[in-house]
Amino acid sequence: FNTSNQLYLIYRNGEFVEGFPKNLPTTTSMGHSLFDYNKNKKYRIMIVGDNNFLYNLDKKGKKVNGWKYIKSNNQINQPPLHFVVDDKDYILESTTNTTTRLLALNGSTRVLFKGAESFISPVNITEKGQLYAITNENKLWTGDINGNTNVIELPDLLPKERVLIYNDNYYISNNNSLLCIDSVKNEVINF
């Protein structure tokens with residue numbers, strides 16, 4: 001776990017791993033993300049700094065060599081997420097404005113969503129690598145690994161509604177109703 005300025009690593013018995021806690025490269029207001037890309041215990045710890053830089057640390061808390069990340073001008077608004085589609089790794093960097101992007105494992109930009117929206121909900125990822133979120137205009141935004149996006153109008157959507165995905169369709173609870181968005185036809189069905 002981490003605090004605003006330190007990274008902790010604790011054994012199962014509650015004792016600190018030797019060399020921890022470690023000072024973070026900068027302060028943070030978010031929890032870290034922990035990735036094991038190849039399931040070989042070469043852990044990567046991602047820290048979103050308050051300086052809006054995404055730090056990549058190894059399991060000893062040291063900066064990873066070869067990290068080519070270029071800082072975004074817009075504030076990162078959630079810890080990064082890692083996912084794989086067709087044997088390609090992606091790291092989601094979601095921001096408060098229009099620069100949400102997918103990064104490669106070395107931190108370089110793989111996909112920048114052009115005309116991306118501002119979101120009131122976290123950006124989520126389906127098992128198939130589709131991204132989705134609710135925009136500030138209360139619309140459903142979807143994106144894919146090729147940079148394609150779609151915005152679906154949602155009638156009378158209330159802020160902070162939950163989105164669920166099941167069988168490739170999006171379900172949104174809205175006040176006393178349930179909306180289903182057919183992901184193929186982009187139709188909104190109101191129950």
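Me: What describes a pair of aromatic rings, and how many aromatic pairs does the structure hold?
Reply: A pair of aromatic rings is described by how far apart the centres are and by the angle of the planes. Rings of Phe, Tyr and Trp (the six-membered ring of Trp) pair if their centres lie within 6.5 Å, and planes under 30 degrees apart count as stacked, over 60 as edge-to-face and the rest as tilted. The structure, which is a predicted model, holds 10 aromatic pairs. In Trp67 and Tyr69 the ring centres are 6.1 Å apart and the planes lie at 10°, so this pair is stacked. Trp67 is buried (under 20% relative accessible area, where over 50% is exposed and the range in between partly exposed, with a 1.4 Å probe and protein chains only), because its relative accessible area is 16%. Tyr69 counts as buried because its relative accessibility is 6%.

Me: What are the distance and the angle between the planes for Phe113 and Trp141, and which parts of the chain does the pair link?
Reply: Phe113 and Trp141 are edge-to-face, with 5.3 Å from centre to centre and 90° between the planes. The pair links distant parts of the chain, 28 residues apart, since Phe113 is in the loop between strand E9 (109-112) and E10, whereas Trp141 is in strand E12. Both Phe113 and Trp141 are buried. Elsewhere, Phe53, Tyr55, Trp67 and Tyr69 form one aromatic cluster.

Me: Which way do the residues of strand E11 point, and are they buried or exposed?
Reply: In a regular strand, side chains alternate between the two faces of the sheet. Strands (E, at least two residues) are DSSP runs numbered from the N terminus. In strand E11 (residues 131-134), Leu131 and Ala133 point one way while Tyr132 and Ile134 point the other way, and all are buried.

Me: How many bridges join E11 to strand E12, and what is the bridge partner of Tyr132?
Reply: Two strands pair if DSSP finds at least two bridges between them. E11 and strand E12 (residues 140-143) run antiparallel and are joined by 4 bridges, with Thr142 in E12 as the bridge partner of Tyr132. These two strands form a hairpin with 5 residues between them, in whose turn Asn138 has a positive phi of about 60°. E12 in turn pairs with strand E13 (residues 149-152) in the antiparallel sense over 4 bridges, where Asn150 is the partner of Thr142. The hairpin of E12 and E13 has 5 residues between the strands, and Gly147 takes a positive phi near 90°.

Me: Where is Leu154, and what separates the C-alpha atoms of Leu154 and Lys139?
Reply: Leu154 is in the loop between E13 and strand E14 (163-166), and counts as buried because its relative accessibility is 7%. The C-alpha atoms of Leu154 and Lys139 are separated by 5.5 Å, although these residues are 15 apart along the chain.

Me: In which strand of the chain is confidence lowest, and in which is it highest?
Reply: Where pLDDT is low, the predicted coordinates should not be read in detail. The chain averages a pLDDT (the predictor's confidence in each residue, from 0 to 100) of 87, and 92% of the residues score at least 70. Confidence is lowest in strand E17 (residues 187-190), at a mean of 69, and highest in strand E5 (residues 54-58), at 96. Local features need pLDDT of at least 70 and side-chain atom pairs count only at pLDDT 80 or more, whereas totals for chains, interfaces and linings use all residues. Residues are numbered from 1 along each chain as its sequence is written, and side-chain values use heavy atoms, with hydrogens and water left out.
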